[in-house]
Amino acid sequence: MKRTIIGLAAATALAGTALTGAAQAQNSVTFGHTLSSQSHYGVGAQAFIETLAEVSGGAWTATEAPAGQLGGERDMIEGLQIGSLDLLLTSTGPLGNFVPEVYALDLPFLFRDYDHARTTLDGEIGQELLESIGAHNLVGLAWSENGFRHVTNSVRPVTSPDDLDGLKLRTMENRVHMAAFAEMGAAPTPMAFPELFSALQQGVVDGQENPITVIKASNFWEVQDYVSLTGHVYSPAVLLVSPLVWDGLSDEEQGWFREAAAASVAATRAEVNRLEEAGVALLRENGMEVITDIDKAPFRALAEAAYSVYTDQYGTEMVERIIAVE
Ligand code: EAX
């Protein structure tokens, strides 16, 4: 954030007078994410940037730093905490390493569909979890979306857990996901997203799992032959702000950031909807063999053992509350 320097200069110039000029000062923030600027995250970043400029009457500008330019999601979360990054749109993948309460959202086969996930995140539970984030030297501004994740690989079509046997599968740096894939028989290999394309290309791993949105945004069809629509876990995204930025904002400015965040979430979700509809056809057009007919029951039966990563620490109450959301 450039504001401190500008703020000091303005303060010097205006020494002894009321800081009425401060609201007009040009303040800028950087908005990081790991995907391309054409992705559902890019669309969300651009909506944030436009809305912030509009509602602040040009007093605030934001710049997109896409495609992991500033590192992986874990690095960027650390960046928010130390103030080297201002804003981040990230999956919850690595967030549990900082805020273990959010592992509740990463449990496999928990959310029934997009409506269930969005209603949960927009309601009381989502609000509580944003507050948990706020207790860990981060500010959770709004829940956004990555999407339901599916398994891709280049070894064989995966139709049952037996087909995962021994597959080197990149997962996010997420203890719940790693446990779930170990239970389902794969060899989970945690890795930051910016390393993934070349790891697939070079055969360091056989496969990975991500929503259609990310498969498309990252052209994974260039390096993966099969996609199985396992929908094994819903991947929330969250818009985070550095506390060093947030704590320096006036109430009015915080309101502008919240409006921009709401516009960002709406734009990202609309793009997820569009890509989910195009889904299977889009993947096939790009040369992937798509396995749509998956019996999820045997995957679920194995993956559920991974719930203990969360429930051993926090019990089952939150899980039951999420299941009960209509
Ligand atoms: O947040 O790391 C991942 O697989 C994520 O889905 C991606 O970075 C988008």
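**Strand β4 meets strand β7.** In this predicted model, strand β4 (residues 139-153) and β7 run antiparallel, joined by four bridges. H150 has N210 as its bridge partner in β7. Strand β7 spans residues 207-210, and both of its faces are covered. G207 and E209 are buried on one side. Q208 and N210 are buried on the other. In a regular strand, side chains alternate between the two faces of the sheet.

**Strand β5 pairs with β7 and with β6.** β5 and β7 pair in the parallel sense over two bridges. Here R170 stands opposite Q208 of β7. Strand β5 (residues 168-171) also pairs with strand β6 (residues 187-190), again in the parallel sense, over four bridges. On that side R170 stands opposite T189 in β6. From β5 the chain passes through helix α6 (residues 175-183) to β6. This β-α-β crossover is right-handed.

**A close-up of T189.** T189 lies in strand β6. Setting aside neighbours within four places in sequence, T189 contacts K168, L169, R170, T171 and V205. T189 counts as partly exposed because 18 other C-beta atoms lie within 10 Å, and a buried residue needs 20 or more. T189 and L240 are 51 residues apart in sequence. Their C-alpha atoms are 26 Å apart in space.

**The largest nonpolar core.** This core has 85 residues. F48 and L240 have the most contacts inside it. Helix α10 (residues 251-285) gives the largest share of the core, 10 residues. Not counting residues up to four places away in sequence, F48 touches F31, A62, A260, A261, A263 and S264.

**The loop holding L110.** L110 sits in the loop between β3 (87-91) and α4 (114-122). Is L110 buried or partly exposed? L110 is partly exposed, because it has 19 C-beta neighbours inside 10 Å, and burial takes 20 or more. L110 and P94 are 16 residues apart along the chain. Their C-alpha atoms are separated by 18 Å.

Key: Residues numbered from 1 in each chain as written. Predicted model: local features only at pLDDT ≥ 70, side-chain atom pairs only at ≥ 80, totals over all residues. Core = buried A, V, L, I, M, F, W, Y, C linked by C-beta atoms within 7 Å. Buried ≥ 20, exposed ≤ 12 C-beta atoms within 10 Å, placed from the backbone. Contact = placed C-beta atoms within 7 Å. Pairing = 2+ DSSP bridges. Right-handed = clockwise from strand over helix to strand, strands pointing away.
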